[in-house]
Amino acid sequence: NPMRSLRRDIIARGTTSILKYLRSRLSQEQEADVEAQSAQSQAADALRDAAVAKAAMSASSTLDLSKRDMTLVDSATLHSAAEAGVTRLVLSRNKLQDIPADIDCLASTLQDLDLSFNTLGCLSPAIALLPNLVVLDLQRNGLRSLPAELIVLQQLRELNLAYNQLNEVPHAVGSLPALETLVLHDNQIATVDAATLTTLPMLSCLDLSNNAIDRYADCLSWC
């Protein structure tokens, strides 16, 4: 038994030194057994961690992946979120340049999507894969326009487009009859097409502050 011959100085150096010493005393067959047991233990830990994470998602209905410097979102994570019935997905403050692949696996449950503080540049038509969205946060993404496919989001109530590079109220917004809150402050909007706003019967909050708008007459007549 190699444990009986352990010197006190090795013990005093801690776990790493003890393992190194024990491995030096093991046969190749014994070492293979130890490595196999270690791999099994790691796999068991990974399964346990995954189960805990899934339980947490199920309890909160939220998957929060913010502030991780991600450029891609793991598909397995999204599928796990779908199985947990996640309704809110937070992807803010990453380095995403597009909507995550396989996000359509959340199509039946996802209601709140936070993509703020990323580098989308433009919003992919894939947003139409999420027809049940109620809240969509796209602030600080360098957006210049929105795709026509936005019309699919007929249940959308809140849309945040602040701190982008929009020079007009996107025409696609006018196709969202359930929209209640539209945030457009700190863009480059110079004129407001009242016709776009008149098609939004539920709109109760409109923020156009800090833009380049010269006159609000048309907008005010809509209000």
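Start with the sheet: select the seven strands, which form an open, parallel sheet in the order S1-S2-S3-S4-S5-S6-S7. Strands here are DSSP E runs of at least two residues, helices are H or I runs of at least four, and both are numbered from the N terminus. Two strands count as paired if DSSP finds at least two bridges between them.

Now pick out the edges, strand S1 (62-64) and strand S7 (205-207); each pairs on one side only. From one strand to the next, the twist averages 5°. Axes are lines fitted to C-alpha atoms, and angles run from 0 to 180 degrees between N-to-C directions.

Before going on, note that this is a predicted model: local features need pLDDT of at least 70, side-chain atom pairs count only at pLDDT 80 or more, and totals for chains, interfaces and linings use all residues. Residues are numbered from 1 along each chain as its sequence is written, and side-chain values use heavy atoms, with hydrogens and water left out.

Zoom out to the whole chain. There are six helices and seven strands, running α-α-α-β-α-β-β-β-β-β-α-β-α from the N terminus. Of the 223 residues, 37% are buried, meaning under 20% relative accessible area with a 1.4 Å probe, protein chains only. The accessible surface comes to about 12500 Å², 49% of it belonging to carbon and sulfur atoms; the areas come from the Shrake-Rupley method with a 1.4 Å probe.

Next, select residues 88-90 and 112-114. These are strands S2 and S3, joined in the parallel sense over three bridges. Arg 88 stands opposite Asp 112 in S3.

Move to the largest nonpolar core, with 47 residues. Such a core is a set of buried Ala, Val, Leu, Ile, Met, Phe, Trp, Tyr and Cys residues joined through side-chain atoms within 4.5 Å. Leu 113, Ile 127, Leu 136, Leu 138, Leu 150 and Leu 159 touch the most other members. Centre on Leu 159. Leaving out residues up to four places away in sequence, Leu 159 touches residues including Leu 136, Leu 146, Val 173 and Leu 182. Contact means heavy atoms within 4.5 Å.

Finish at Asn 141, in the loop between strand S4 (135-137) and strand S5 (158-160). Asn 141 is buried, with a relative accessible area of 3%. A polar atom of the Asn 141 side chain lies 3.1 Å from the backbone oxygen of Leu 138. Beyond four places in sequence, the contacts of Asn 141 include Leu 115, Phe 117, Gly 121, Tyr 163 and Asn 164.

Methods. Buried < 20%, exposed > 50% of the residue type's maximum accessible area, 1.4 Å probe, protein only. Polar contact = N/O pair within 3.5 Å; in protein donor to acceptor, adjacent residues only side chain to side chain.
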